[in-house]
Amino acid sequence: MSTPSNYYCSLLKFFCENQNQTQAKRLHCHIIKNVTNPEPFLYNNLINAYGKLGNLTYARRLFDEMPIPNHFSWNTILSVYSKSGHLSEMQEIFNRMPSRDGVSWNSLISGYAGYGLVTKAVKAYNFMLRDGVVHLNRITFSTMLVLASSQGCIDLGRQIHGQIKKFGYAAYVFVGSPLVDMYAKMGLIYEAKQVFDEMPEKNVVLHNTMITGLLRCGMVEDSKRLFQGMKETDSISWTTMITGLVQNGLEREAIDLFGQMKLEGLSMDQYTFGSVLTACGGLTALEEGKQVHAFIIRSDYKDNIFVGSALVDMYCKCKIIRYAEAVFKRMTRKNVVTWTAMLVGYGQNGFSEEAVRVFCDMQRNGIEPDYFTLASVISSCANLASLEEGAQFHCRAIVSGLISFITVSNALITFYGKCGSPEDSSRLFNEMNFRDEVSWTALVSGYAQFGKANETIALFERMLAHGLKPDAVTFIGVLSACSRAGLVERGQQYFESMSKEHGVIPAPDHYTCMIDLFSRAGKLEEAKSFINKMPFHPDAIGWSTLLSSCRLYGNLDIGKWAAQSLLELEPQNPAGYILLSSIYAANGKWNHVAQLRRGMREKGARKEPGCSWIKYKNKVHIFSADDCSSPFCDQIYAELDKLNEKMIEEGYVPDASSVLHNVEESAKIQMLNYHSEKLAIAFGLIFIPRGLPIRVVKNLRVCGDCHNATKYISKITQREILVRDTARFHLFKDGKCSCGDFW
């Protein structure tokens, strides 16, 4: 081999590392012009370079132009086809080879194994054995073990293990590591440990593989002992431990181990940083996350796309969106993981509109979403109750084929449920080829939120009949449905079955559902008795639920008890003051109302201003009570005045008990007339075409008067009106509401 050939080969290697095909072609032109009769070594390197750069046409042309390709030339082109997945061309070259060695057979086996073609890989392996065991080597066994592991073929793996022993390769560490890995991935950790223990020599790689297997099987203490007993560790050992601890829910230990690794002065890679940032995000450990970020800035990984994505995710989970945005904007390169991290972060922090915007920006930047990205943006549309945008993403899911991913289908079921279209949820559910527990739970929750109690319970019973295991979320839906249907005994039975029959430990949300179950049915003493028997005190929602029912049924004694308990728990929560004020106001105790208001001011408790919004022509129109900021203000108020006259003619009587002011009755009625949800509904009646439902979202619960008034509006206008508040969906149609009279 001549010195110029050496030089040319070094350049080709450099161009391949930098994926610079243009320069490789220029060098090829230079060789053609200046080198007479290039030696086979140079030809082989050119073929290999074009293969690595993805230009298989040039690689094959070079091979075909060789006067007399040598054995290395045949192996080179065979390897090119094997690694690129051109398996028919690979087999054709292999069949034409004048002679074959272990490299040839390994390329053939690797080609099939790399694409999960078990039968063809095993067939090639068997032909290799017939051709002579002299061709067998550690690469052959490693390839077959990786194939068995990736495809879950335990029988094949055990057969290869037997042949490893038979042909004397059991002591080779290079073979031992994939063997340990295979058994561990199959969940056969004791077989993996036996292979590890029987190895006469153990290097760092083998130890790392065993630690990975133990952590994957949840054997954290065993992995710690093995790690601490290692005579020699490397960066991979430490990163493996950090990653495994995070995966086993031991984020604090992972962060502490990262600190020790830093003190040891070991080098860190993108996986080390990615894992410790995941730990910081999981614990919402902002300070530790910022320290890791500062360390990354001083390292070579500040521009790494994997690390940047992990930083975005960490800051989002710590609820510091502005930091996540800063990292995201500074990243020069972004992939689908980066965009998805920002999108999910917005969605989880209540910025659903920003999440949808990020998805659109991602598409404009030429990044194709994966199934997780699409499911996430659909969830954001569900939070916005934006049926139009969500339906567009549904179409995209169908066109792209991502609808086949169960995560996307489940997100769509949830989306249609939250947007008040349970029929679409049901249709999509029935069209699914495969359904998991999440699919059933999504539909159960959708029916429950919409007040379809009978459908919810029937679906839950079907779920049990199919042998599926309900989870905590499923039971929230079922208990809510029983509550709305007044099925107290049935709800009690389901609650008791949670831990006894299904192994689900009731959480505060389930106890709140039970409080609601008793309270809605007017069984306030039973609700009080249930609370006194609870293993812990109710949360703010639980007390507010009871207090709200006390207001409805006029039970001052239990209402005072609930309000006092709520105010002790959260002194600055305005719900206790407001609901108790309602009870006092209904009983004409205005001095008590005034005292409560003073208490609110002293405690700094402020009622969140109520607002409602409606979407029209891709724009969200937001209204507050007595709002005059809309450019359509005059039309809206005129529409409401006209509706009020017709409603009164139909028998509507304003419910002034919602007004907590000691003023004349006429003034109270005037205050009720222009609540935010009524303004939004009037806007919808003016602009939303007939035949389409009017969809309104409110940030608080709909008051009793607005609930009653909307029933009259739906009857008078013959329009379908959907109102989603913080509690549930209300479908108003022909003077009735899906949730009945008790909202």
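**Charges, shape and a pair of strands**

Guide: This is a predicted model. The chain carries 79 positive and 74 negative side chains, and the centres of these two sets are 3 Å apart.

Visitor: How many helices and strands does the chain have?
Guide: There are 40 helices and 6 strands in the chain.

Visitor: What about the overall shape, say the box that the C-alpha atoms fill?
Guide: Along the principal axes, that box is roughly 105 × 55 × 50 Å. The radius of gyration is 34 Å, whereas a compact globule of 743 residues would have one near 27 Å.

Visitor: And what share of the residues is buried?
Guide: Of the 743 residues, 50% count as buried. The accessible surface of the chain is about 35,800 Å², and carbon and sulfur atoms account for 51% of that area.

Visitor: Changing topic: which strand pairs with S4?
Guide: Strand S3, residues 694-698, pairs with S4 in the parallel sense, over 4 bridges. Within this pair, Val 696 stands opposite Val 723 of S4.

Visitor: Which way do the residues of S4 point, and are they buried or exposed?
Guide: Strand S4 covers residues 721-724. Ile 721 and Val 723 point one way, Leu 722 and Arg 724 point the other way, and all of them are buried.

Visitor: Last one: among contacts between residues at least 6 apart in sequence, what share joins residues at least 24 apart?
Guide: For the chain, that share is 61%.

Terms used
Residues are numbered from 1 along each chain as its sequence is written. This is a predicted model: local features need pLDDT of at least 70, side-chain atom pairs count only at pLDDT 80 or more; totals for chains, interfaces and linings use all residues. Side-chain values use heavy atoms; hydrogens and water are left out. Helices (H or I, at least four residues) and strands (E, at least two) are DSSP runs, numbered from the N terminus. The radius of gyration is taken over C-alpha atoms; the globule rule is 2.2 Å times the number of residues to the power 0.38. Buried means under 20% relative accessible area, exposed over 50%, partly exposed in between (1.4 Å probe, protein chains only). Contact means heavy atoms within 4.5 Å. Accessible areas come from the Shrake-Rupley method with a 1.4 Å probe; for residues, only the protein chains shown count as cover. Lys and Arg count as positive and Asp and Glu as negative; His and the chain ends are not counted. The place of a charge is taken as NZ of Lys, CZ of Arg, CG of Asp or CD of Glu. Two strands pair if DSSP finds at least two bridges between them.
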